[in-house]
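Please read the points below with the model open beside them. They are meant for someone who has not seen this structure before.

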Amino acid sequence: MTTQTDTPAQRGAVGLRPSGLVLDGAEQVHLCASLFYFRVPREAWADRLAKVAASGYTLVDVYVPWNFHETAPGRWDFTGRRDVGEFLDLARDAGLGVIARPGPYICSEWDGGALPAWLTLEDGLALRQAEPRYLRHVEAWFDQVMPLLAARQRDRGGAVVAIQVENELDFFDTADRPEYLARLHGLTLGHGITVPVVACAGQGDLAGATGGVDGITPAFNFYPDDRSPFVEAEARQYADLVAGRGEPLLVMETNRRHATLRRLLVSGAKVIAPYLQASGFDFGYTPSVGNWGDPGGFMSHDYDFGGYLDPVGAPRPEMAEARVLARVLRTLGPALARSTTASADGAFRVDVATSASPSRLVLDGGGELTGIPNLTDDAGTAAFPAWFGGPEVVVPLPAASCLLVLRDLPLDRFGLPGTLRLATADLVGAGPDGIELATAGASVVVLEVSGGRPVLVELDAPAPAAPVRARIEAETDGVAWAVVVRHPVDVDGNVDADVDAPSDDGAAAASDGKAAAAEATAEHPPLTALTGLGLAARTGRTTRYEDAPSSEDVGVYRGRTHYSTGLDGADELLVEGASDIVDLALDGVALPTVAGFGATFLLPVAGAGRLDATVETWGHANFDDVRLPALRLGSLRGLGRVWSVVGRSDVSALWRVSATGGWPGEPAPLRTLGGWSSTRVGEPTTYSRDLDVDGAHHHALRLAGVAGSVQVTVDGVTHTVTEDDPWLHLVPGAGSAVAITVPHRPGAGLAAELFRLEPVTGWDVEAQPDEAILDLSRADAAGETVALPLELAPGEERWLEAAVPPGGLSLGFEGTQVRVSAFAGGELLGRVWLDDPARPRFTGGDAGRLWLPSAWNDGTVRLLVRGTRGVEAPLLGGVRLTATPG
């Protein structure tokens, strides 16, 4: 076997080598499961960690959200379910290493990506930049969190084996990446961090993620289509890139399917961290908005993408796949960690769609591991040429799988004679008594003693708790191998399990689907009546403001802000920047909910004397999406700016046309906006004109017909206007010279309209932060029985109370045009929004259910229910109760 020389830094408890993340000197490929303490009740932490350990995964990656711990400026909380130190100690006790990810930005579909909502109230502060004001706040955060992590590093007896700074910075326009990352790195080391520091690239931009800073190791996030034939080729390219730097390929996030994880393994990954193998819940006011480019998707209370543990901690069938893959990694150990990657083109033949360039690993000390994907939903076969002198071998290739095939593996490392020439089942154990394999189907094993002929044995498919056993004898006297083939559900993935020799028992591990079946859910009778409580939904205490403030300006970082103003004869309002959920009423009559994420809209108000608005923060943006104002990272919440429209004019005509190369000629033709016609399709064409702005009023320019985006230059300053928000605000004096540049497309006419504005002033504002709503939810109140279904008026809010049975419960809500916030155990469980045309897309899990953990269940759940205006009357139809583990 080859050897590697340790540097002094690598001789501690944790090191990084080309073979990967080396813990206590042991080289092996690691599987890492995301598990987030802030999405799991504290009472369930130990159980979740134990189940991850039972899967055979050796690491967990853990985000540490800044705004979960700094709940208001300078107010820090690391107690109760925010006690991250206790979680890390429990991870250590479970035998798991932790990759800690304290940001400062984390994404994770979490409110604002964990950046506190008040940061951008500070004038001139620039997020995720080497900017003094922002870095001062980051330093304060690191002063809180880094000592907790440093004290729990592996060389101090703790669980922390690596620290990730920032997250997918290559998605963000950071002006000076080297300086920004260098500052974060310096702040990290300044707190005594000695474990490796990594930074992950979200789209493969190594320099964009790390800034090229010495001491920051690049990691990569791969989210391919699981059926893509190009996964191996892409992964090998990055493996080769980091190998040239003397570094391992660390896959910090990827898909959860173990077929894909196997493809990454054979392509050279040394740490493989599928994102969210252990699901959870977004409790309270924590989900983000703006997820995955809808734009403006909401995250559901369920934070679940199909990992091997469901949100309440019940194992799914994928747990068996996890245990098998973990045992393969442990059995092959350093030989696998020290392996090199190569193409497997021509090594096999399949009759289904497979990788365009399959991968194999050349194991240290001899042998090869080849990945054979089946990218279809149909079973196929894989055929191997008879390189060992026997017949061609044909074996089943299950649907949507990746077969790992071992070839030419010397067995002396396990105390066995000879060579394993071929194994089409997974090698999950080996020792002096023989080898242990795992598969759900038939398999082939070829064994050979030096100087003898290979012995080929075809093995039947095992059944659960009924392994297939064989004794394979070589022609050489006295040489024999015991072979046990188990069904995957009978493989124990626990890292403390004995894998040195075939086990005699066929019992499944404790955390498989059988254990889940023992914790089977049970339906309770649906609720037919609730208790209506005599509680107000708000206090009604307001403060007068000249202009409508943002929610953050009045201390609402999570919760609601209520606005009211007189209209003084206005006919039409222009609302800019309202977000997230905006409920409007004219003279007490509710209007349809607006969830436009800051997009400008017109509101007819002729004849109305008063405008009321309730703006609920569903979450701050966790991506930086330029298409809508409230989807920009750091964007504020609230009603935005409200204007009375005092004039409007069509400015679609009389635009001067120009383009590159002296086309068209001078004098410039006058055309309608977008109306120039020529054969030069796709070339940038600029339309310019002076607008009739008076220098005293604010104005707004609306562009109808925008496809994608256009560049608008106002008085020499260029702006991007998108089809999702085709408006441009012009401050007094701006707009006398406007130019719009679009790709030339014959017949693609645009329309332009100019609005003259006056501000709407005199706002009565009630701030209702999350603490105020929680206080209302805990108040004593008398009640009376209310039968379900319950019809509400649009805009009506009511407090209801439900009596529920003990234990963990899933609450499923049915109805139309209703939003429900559910409270229990002194906390907001979460929110649902039922069947409303205004509702954005929800992602993550079941958007109509909430989970009540057993530790929070005191026998009642309080509901704050609001009716909305839409096609149907608001109706809370029913509440379904399902018993759940935990």
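1. Basis. The model is predicted: local features need pLDDT of at least 70, side-chain atom pairs count only at pLDDT 80 or more, and totals for chains, interfaces and linings use all residues. Residues are numbered from 1 along each chain as its sequence is written, and side-chain values use heavy atoms, with hydrogens and water left out.

2. Main core. A nonpolar core here is a set of buried Ala, Val, Leu, Ile, Met, Phe, Trp, Tyr and Cys residues joined through side-chain atoms within 4.5 Å. Buried means under 20% relative accessible area, exposed over 50%, and partly exposed in between (1.4 Å probe, protein chains only). The largest such core has 154 residues, and Val52 and Leu265 have the most contacts inside it. Helix H9 (residues 318–337) supplies the largest share of this core, 11 residues. Helices (H or I, at least four residues) and strands (E, at least two) are DSSP runs, numbered from the N terminus.

3. Another core, of 33 residues, lies apart from the largest one; Phe283, Leu850, Leu852 and Val879 are among its members.

4. Val52. Contact means heavy atoms within 4.5 Å. Leaving aside neighbours within four places in sequence, Val52 is in contact with Ala33, Leu35, Tyr57, Val60, Leu96, Ala278, Tyr308 and Leu309.

5. Helix pair. Helix H1 (residues 45–54) packs with helix H3 (residues 84–93) at an angle of about 35°, their axes being 9 Å apart. Axes are lines fitted to C-alpha atoms, for helices over the stretch in contact, and angles run from 0 to 180 degrees between N-to-C directions. On the H1 side, Trp45, Ala46 and Leu49 meet Glu86, Phe87, Leu90 and Ala91 of H3.

6. Val29. Where is Val29 placed? Val29 is in the loop between strand S2 (20–23) and strand S3 (30–34). Val29 is buried, at a relative accessible area of 1%. Beyond its neighbours within four places in sequence, Val29 has contacts with Leu265, Ala269, Lys270, Leu329, Leu336 and Ala337. Arg338 is 309 residues from Val29 in sequence, yet 9.0 Å away in space, C-alpha to C-alpha.

7. Cysteines. A search of the whole structure finds zero disulfides, a disulfide being a pair of cysteine sulfur atoms within 2.5 Å.
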